[in-house]
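Student: I have a new structure to read, and I would like to learn how. Could you take me through it feature by feature?

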Amino acid sequence: MLTAKEIRESFKAFFASKGHQIVSSAPMVIKGDPTLMFTNAGMNQFKDIILGNVPIKYPRVADSQKCLRVSGKHNDLEEVGHDTYHHTMFEMLGNWSFGDYFKKEAIDWAWEYLVDTLRLDPERLYATVFEGSPSDNLERDDEAAGYWGKYLPLNHILNGSKKDNFWEMGDTGPCGPCSEVHIDIRSDEERAAISGAELVNKDHPQVIEIWNLVFMQYNRLSDGSLAGLPAKVIDTGMGFERLCMAIQGKTSNYDTDVFQPIIRTIAAKTGTEYGKDKQQDVAMRVIADHIRTIAFSITDGQLPSNAKAGYVIRRILRRAVRYGYTFLNRREAFMYTLIPSLIDTMGDAYPELIAQQTLIEKVIKEEEESFLRTLETGIRLLDRKIEEAHAVGKKVISGIDAFTLYDTYGFPLDLTELILREHQMDVNPEEFNAEMQKQKERARNAAAIETGDWVVLKEGESRFVGYDLLECEAEILRYRKIKQKNKELYQIVLDQTPFYAEKGGQTGDSGWLAGEEEKIAVSDTKSENNLSVHLVSQLPKDPTATFTAVVDKGKRIRSECNHTATHLLHEALREVLGNHVEQKGSFVSPDSLRFDFSHFQKVTDEELRSVEMRVNRKIRENIPLDENRHVPIKEAVAAGAMALFGEKYGEEVRVVRFGSSVELCGGTHIPSTGMIGSMRITGESSIAAGIRRIEAITAEAADNFFYTHQDALREIKSLFNNMPNIIPTIKKSIEENTELRKQVEDYVKEKAVVVKNELLRRAVERNGVKLVQYVGNGNSEVMKNIAFQIRGEINEPFMLVAGIAEGAKCSLMVMISDSLVGEGLNAAKLVKDAAVLIQGGGGGQPYFATAGGKKPEALSGAVEHIIEAAGLKY
């Protein structure tokens, strides 16, 4: 039986023998494509070629691509782990043809590899073909059906709907019919009872799609119509994990050697056994799947965070932690200890796992520990909601509260429901679902961009000349209208451009297009599918004219100062902290720079000073830029240039050198370091486990930073009569202030005792309840302390009601004894109802609640309202 490693290599070897160039997997985290956060299909790294934005280097290509899917058909994150064959992170084996072979060869080689090379039983294989679509005026794909007819009987060649058998890149763009290969791995008895043909595309766990052959031959326009593609493309994708299941004779992907080593490790570390308990099995599958996703995202430079791609990874990680917490009784971090097992399984194919093992483990461990603390906090909050509901006799908690637990604390609805069932309670699912739908709509509206079709004025490729020029003659190749947040803009592609398009952490250039009678402002430049796209608010009067494209020189130079400074900063950090320092992200704009790097402790003030001094020394040396373009990647790395994990490099790269600093970089740089002037570090912080961030400024911004601090120091000195030794003077002042503050606090405490005793002296007895009330000027915090002191001193039923005026603001406060709470009195409700009288709002616990308002003159009436509502008014 072939192992997973052998199957992966056999695929590459087979297509290499068919003249395919074998390429490495692109990073799972996508950069430079605004339409995607993650690689979700093998074709993503070839999108530029398919769209015709870059020339074809290899007409035939094959690879094994790491992919991530958390939404879409069969890819709801909350379902992963509950079946046998869906995953978040998976590998896709694929072969491509760009204008070379088409349907015949794709089908012939698919059959040859599956049947002749891997020895799969041909009687278990089925192929689907596109049945046609009258709405698109497309007929059945008889061509593909004819090629399959050489190998399969007619009852194994099935028609597929447009939904299943017509692949589209998006709402617009390349598309075409596809042909899926399905395999029936059921027992002979099951196959005899029901034909596999009846179960294809019916979500049967043992009758599954393993390979999809896409025949791209059309281009979908924005009006929905189809146009022919000038160069037809073959794009195939085969699920590696499913293929392993079929070859190794298993009925679950999780039973193959792709997952079993990890699952056995999970079982050993949690004291469980896979296959003995259904819920524990699901938990182990979830963790085994998710640990792969998390580890690969970290190697590709995407750390868990609260935004965009980072939020997706954090959500996946927290789901795994939650399953371990709930079903495997894990109260301490443990998933990070699974990384050695993952490396044993996948380290040979993806050596980046080995190179970054320490970082992966540290990030996951910190995230686990943080979320376990959050889980405990969430459970305490839920317990409080349960207590409040019991106090008023409710058996159902609000779906809005359940959604807050989900959104803020990562509590899925099923975990909330599980805890509530233990208290014979339930949640309002309709309210929860309504809040979830609102959130989805907010996210969809925020990200929605309507794009029209490209209007092509001139054929040709766009060329970037901005390394050498800040202005040049240019013509518009194509343009399109876009609409975002109800604002109409235009995207323009030029035949040659000096504008740097945002990528690699450097923001895009702005400037203008100058014509004979007009000047069109370019507000930003983005990189989209390897095109430099210029954003303008209006089109030129004559788009076919020749323009002068002019970059804003001042902004570009400031960006270049900051970019070159990041290179010098990177080198200085490695010199001061050690060679374990590696870039994990950067941001370069005209205003500032930000540099993220691997380091496992806070950078001390002394280390920061040393780093800053080293950078400024290099600046003063006025080192000239030594730039080399089109250097073979191996030659560049051999010369000392650092290749960063998570980046996809071509066979030729650009090498940027400033003295001993050598990096692979596509960004723009200053001609010599002296132009930077100086660099000042403005901040150092942690952004994730093992990842630090330095923020800095250069050039004029650094000068202004110095001037601001100099002015502040001068002003501070003037406050202390320009004493020569200002620091000892400030220390003495602080000490004196601390002593005076202590004296004031002691006085306030003494005064509070007097006030408390006076309130108790004036307390009245009403209906067997001791009523303490106060209306007047005061401090709400002091009154709160008094309220809790009274609560601790009085054992009989009591109620305290206070109205405190504090300038133009005011507050209400209610404290109730436990015995009255037990009888149904609720401080939070009393305060909430009365708060409207002081034009405010508030709430709290059944025994203590407060409200703030802005109508002090209404305090007396609000206090009387509370007393009357409590039934204590004579």
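Student: How many bridges join strand β31 to strand β32?
Tutor: First, the terms. Strands (E, at least two residues) and helices (H or I, at least four residues) are DSSP runs, numbered from the N terminus. Two strands pair if DSSP finds at least two bridges between them. Here, eight bridges join β31 (residues 798-806) to β32 (residues 809-816), and the two run antiparallel. Within this pair, I804 stands opposite S811 in β32.

Student: Before we go on, what kind of model is this?
Tutor: It is a predicted model, where local features need pLDDT of at least 70, side-chain atom pairs count only at pLDDT 80 or more, and totals for chains, interfaces and linings use all residues. Residues are numbered from 1 along each chain as its sequence is written, and side-chain values use heavy atoms, with hydrogens and water left out.

Student: Which sheet holds β31 and β32, and in what order do the strands come?
Tutor: An open sheet of six strands, in the order β29-β30-β31-β32-β34-β33. The pairing is mixed. β29 (764-766) and β33 stand at the edges with a single partner strand each, so one side of each has no neighbour in the sheet. Neighbouring strands are turned by 20 degrees against each other on average, direction ignored.

Student: Which helices lie against this sheet?
Tutor: Read angles and contacts together. Axes are lines fitted to C-alpha atoms, for helices over the stretch in contact, and angles run from 0 to 180 degrees between N-to-C directions. Contact means heavy atoms within 4.5 Å. Helix α22 (residues 780-793) packs on the sheet and touches β30 (769-777), β31, β32 and β34 (848-853). Its direction makes about 10 degrees with that of β32. Helix α24 lies across β31, β32, β33 and β34, at about 15 degrees to β34.

Student: Where else does α24 turn up?
Tutor: In the lining of the second largest pocket, to which α24 gives the most, with four residues. A pocket is an open set of points on a 1 Å grid over the protein atoms alone, with protein on both sides within 12 Å along at least five of seven lines; a cavity is a set where a 1.4 Å probe fits but cannot get out; lining residues have an atom within 4 Å of a point. Points are joined across faces, edges and corners, and a volume is the space filled by probe spheres set on them. This pocket holds about 660 Å³ of space. It has 21 lining residues, with K385, E388, V392, K394 and D401 nearest its centre. α13 (357-391), β10 (396-397), α24 (827-835) and β33 (841-844) each supply at least two of the lining residues.

Student: What classes of residue line this pocket?
Tutor: Ala, Val, Leu, Ile, Met, Phe, Trp, Tyr, Cys and Pro count as nonpolar; Asp, Glu, Lys and Arg as charged; the others, Gly among them, as polar. The lining has six nonpolar, seven polar and eight charged residues.

Student: How many cavities of 30 Å³ or more are there?
Tutor: Three, from a search of the whole structure. α10 (308-327) supplies the largest share, four residues. By class, this lining has six nonpolar, one polar and three charged residues.

Student: Is strand β20 mostly covered or open?
Tutor: Buried means under 20% relative accessible area, exposed over 50%, partly exposed in between (1.4 Å probe, protein chains only). β20 (residues 531-536) is mostly covered, with five of its six residues buried. Six bridges join β19 (residues 519-528) to β20, antiparallel. D524 stands opposite L535. β16 (residues 487-494) also pairs with β20 in the antiparallel sense, over three bridges. There, I492 has H534 as its bridge partner.

Student: What happens in the hairpin of β19 and β20?
Tutor: Two residues lie between the strands, and N529 takes a positive phi near 55 degrees.

Student: Why does T507 count as buried?
Tutor: Because its relative accessibility is 16%. T507 is found in the loop between β17 (496-497) and β18 (511-514). Leaving aside neighbours within four places in sequence, its contacts include Y500, F587 and P590.
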